[in-house]
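Look over the sequence and the model below.

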Amino acid sequence: MARILMAWELGAGYGHLAPLLTLARPLRQAGHHVAFVVRDVAAAEAVLGGNGMPYYPAPANFQPRGGVLHSYPQILLSTAFNAEDELRARVRAWQSLYTVLAPDLLVADHAPTALLAARGRDLPCIVTGNGFVILPDVAPLPDLRPWQPVDAKLLQAAEHKALAMANGVAGSLGLPKLEYLAQLLSSAAPALFTLKELDSYADLRRGAEYWGPLPGPGGAAPRWPEGPGKRIFLYGQPFPTLPELLRALATGPHRTLAYVPRLAPELKQLAGPYLNFADTLQDMAAVTRDCDCAVMTNGHGTAAAMLLAGKPVVVLPRHLEMMLIAHSVERAGMGLAAPALKRDGILNKIERVLGEAGFAEKARTLAAQYAGGASLKPVQNFQALVTRLAGG
Amino acid sequence: MAHVVMCWELGADLGHVARMKPLAEALLRRGHRVSFIVREALSAERLLDAVRTPWFQAPYQSDAVPSPIVPTLSLPGVMHNTGFHDPRSLLARLHAWRNLYTALAPDLLVFDHSPTAMLAARGLKVRRVVLGTGFGIPPAVYPMPGFDDSATGLAAIEDRVTANANQALRALGEAPLARLADLYAADASLFFTLRELDHYAGRDAGDYWGPTRQDGGVAPAWPALPGRRVFAYLKPFKTLPALLDTFQQSGHPTLIYLGKGADETRARHAGAANLSFSDKPVDLKRAAADADLLVCHSGHGTISSALLAGKPLLLLPLNMEQRMLAQRVEQAGAGLAAPALAPEGMHAKFQRLLAEPAFTAAARGFAERYSRLEVEHIPERFAALAERLLASEAP
């Protein structure tokens, strides 16, 4: 019976909380005390509310800078590591939480400041997430947009600056300093909830264990349009050309089931013989079994679930993390990316993924390799790790 | 020994933590424990010692709300735009505050501009004190007064905000508010201002303790020239260059602190013999004592320092809270406001303030009225009050 603190500092939406809840539920059932420190308390109430696990606000930079970011150090400098005095102020606030909540184990999902604050403390850590937030133990860290040229000196300078800032704070607070930036994670045990094929850092990790994607929360049975056409599952956030795309899909011949949670209500009128809209979370086991391909703007978990079911995907990436997934999918030949988000480009890629046998074949080969996901035990592996670090 | 938790939810910069810091120190001297829950950790880092007074992140609405009320006409509008717009996310913040209260187990809660923190404390068996200038503590009336006399439709906005608060309270299992102002009910309401500077004129019963001491700053150093001494405490704004021209042309020795980000503007006046720019915040009490006129954005600290030293003010308010305060100073005859920030208006009012002795006379009246005000004693007085409350049984 241990006190486990789950920390989420950076990012948005439910993409960090939902997996943490999947991990927390069985821990709580096993008698552990689980609490959360969250970037967004409103999201926490939506995801965790009523589960009897308390949540506290994360000390975080709530005014992140935008811009085209090429590397994890650049992401840090535009968010958590924006200024040394602010970082020190937030590290101290994390330390206050550790003192008051007295955790036996910290589970950090995209929470670099939480990790910095835990240095020098007798507090075992697990870093969890899909590959993007779990740095490989290397220096320098890689350029994540190799397709977009950037001056290597800029990336070096960013990594140097982030390291100096972390060490400035560590020095002033008497915490062990870092020799290189990725060392922030190197005393933590990784829990990599992805497939090697979707991990943009795959080539840089040594001896990494890939536990596979976490199971989704479940949902309603998919209602596909009737008829003989192929089945397309469309998932994600709205984007400017979505109305045109939906109009085109509504004319057939394929059958599309669209789940776009923030869809403008008037677009639902496009529903017809070839296009249905889902209003709630879908049963992904059924969706992946029945569909012929998926088209998605985001959702690492959705992409992984499709590939494990042997179904190819068309990725419409809108941010760096999804671009990396798109990149991995294309490299493995299991789908295509349509980063320009133009209607005709997307339609063309859907036709290719459905029509050319290679994409589905590659996806089926991957699925066979993992026995459709049956060989993966992400939650059980995580529980075993927790038991090892924090005791039963 | 008791654990006192000091909460700050709304507003920005150092003012709120600066106000509570000497109170916390007085409590520490008497052997109590003090923790802070703060909107901006940086303000705590700048002012507090983390070992003696640990701080925690306050839950607050960090994103702009989807359909803000613009302009805000009264405090309920401000509350709407800072998190009372939606009962579900409000409930999330109430839970987060409550979870912090449970973890910290306070014996006394102190609130500075923290309506959500106060709402979350409803129904808890813990003593509470609310403090601030007049702005953060609305009068206990329905509807709450408008920020200026022309405001209309106040009840409708307040009703919406009250309904959202009550929906969240119901989900929390707490009794609803009869009126919004009831969420500010506390064992003590302390106004760290002067009656004349209360944003809400004509409040019936206010416990006015005077402005708290302003911390530190460097000694004021005016250019060694004859003339009237002007002290300007400003941040960059569009027509600042025109105001600096006015200062320069007047020939009066002028000391200016601009905060950050006005390097270019400063460079333009680098050669002016009668202008001196300070790189660091200036000791307000000493600057007010030495100056003949103060120019500022109508912040409460600068205004109270000026009036207690008997000096008139040119006020350039940038927001509603500052405009309300500027109006109170004008009503007292101790200054002029130029809220449009128009070059001609600022220039003309600057000239009038220096030429017409009535403004200085009114400011001196202020200083004489409050010559026996002992703001140095506020922290000890507060600690004594806190101990009285702690000794009595919580409701």
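## Two helices of chain A

In this predicted model, start with helix α1 (residues 17-29) of chain A and its partner α2(A). Their axes come within 10 Å and cross at roughly 45°. An angle from 65 to 115 degrees would count as roughly perpendicular, and one under 35 degrees as roughly parallel.

Which residues in α1(A) and α2(A) meet? From α1(A) come Leu17(A), Ala18(A) and Leu21(A). From α2(A) come Ala43(A), Ala44(A), Val47(A) and Leu48(A). By class, this contact has seven nonpolar residues, no polar ones and no charged ones.

## How α2(A) is covered

Helix α2(A) is mostly covered, with seven of its eight residues buried. The buried ones are Val41(A), Ala42(A), Ala43(A), Ala44(A), Glu45(A), Val47(A) and Leu48(A). Note that Ala43(A), Ala44(A), Val47(A) and Leu48(A) also meet α1(A).

What covers the buried residues of α2(A)? The cover includes α1, β2 (33-38) and β3 of chain A. It also includes α4 (87-104) of chain B. Just after α2(A) comes Gly50(A), which takes a positive phi of about 80°.

## α2(A) meets chain B

Now follow α2(A) across to the other chain. The axes of α2(A) and α4(B) come within 8 Å and cross at roughly 95°. That makes α2(A) roughly perpendicular to α4(B).

On the α2(A) side, the residues are Val41(A), Ala42(A), Ala44(A) and Glu45(A). They meet Arg88(B), Ser89(B), Leu91(B), Ala92(B), Arg93(B), His95(B) and Ala96(B) in α4(B). This contact divides into six nonpolar, two polar and three charged residues. Ala44(A) is named in the contact with α1(A) and again in the contact with α4(B).

## The contact between the chains

Step back to the whole contact. It takes 23 residues from chain A and 23 residues from chain B. On the side of chain A, the elements that give two or more residues are α2 (41-48), β3 (55-57) and α4 (84-101). Which element gives the largest share of that side? It is α4(A), with twelve residues. By class, the side of chain A that touches chain B has 15 nonpolar, two polar and six charged residues.

## Chain A as a whole

Chain A has 13 helices and twelve strands. Its radius of gyration is 21 Å, close to the 21 Å that the globule rule gives for 392 residues, so chain A is as compact as a globular protein of that length. Along its principal axes, the C-alpha trace of chain A spans about 65 × 50 × 40 Å.

How many of the 392 residues of chain A count as buried? The share is 49%. Now take the contacts in chain A with a separation of 6 or more. Residues 24 or more positions apart account for 66% of them.

## Chain B as a whole

Chain B has 14 helices and 13 strands. With 395 residues, a compact globule would have a radius of gyration near 21 Å; chain B has 22 Å, which agrees. The C-alpha trace of chain B spans about 65 × 50 × 40 Å along its principal axes.

Buried residues make up 47% of the 395 residues in chain B. Among contacts in chain B between residues at least 6 apart in sequence, 64% join residues at least 24 apart.

Is helix α10 (residues 300-308) of chain B enclosed or open? Nine of its nine residues are buried, so α10(B) is largely enclosed by the rest of the structure. Among them are His300(B), Ile303(B) and Leu308(B). The buried residues of α10(B) pack against β8 (230-233), α9 (284-290), β11 (293-296), β12 (313-315), α11 (320-331) and α13 (357-369) of chain B. After α10(B) comes Gly310(B), whose phi is positive, near 75°.

The other spot is Arg381(B), found in helix α14 (residues 378-391) of chain B. Arg381(B) has 15 other C-beta atoms within 10 Å. A buried residue needs 20 or more and an exposed one has 12 or fewer, so Arg381(B) is partly exposed. Arg381(B) and Trp209(B) are 172 residues apart along the chain, yet their C-alpha atoms are separated by 9.5 Å.

Notes. Residues numbered from 1 in each chain as written. Chains lettered and ligands numbered in written order. Predicted model: local features only at pLDDT ≥ 70, side-chain atom pairs only at ≥ 80, totals over all residues. Contact = placed C-beta atoms within 7 Å. Helix = DSSP H or I, 4+ residues; strand = E, 2+ residues; numbered from the N terminus. Nonpolar A, V, L, I, M, F, W, Y, C, P; charged D, E, K, R; others polar. Axes fitted to C-alpha atoms, helices over the stretch in contact; angles between N-to-C directions. Rg over C-alpha atoms; globule rule 2.2 N^0.38 Å. Parallel < 35°, antiparallel > 145°, perpendicular 65-115°, else oblique.
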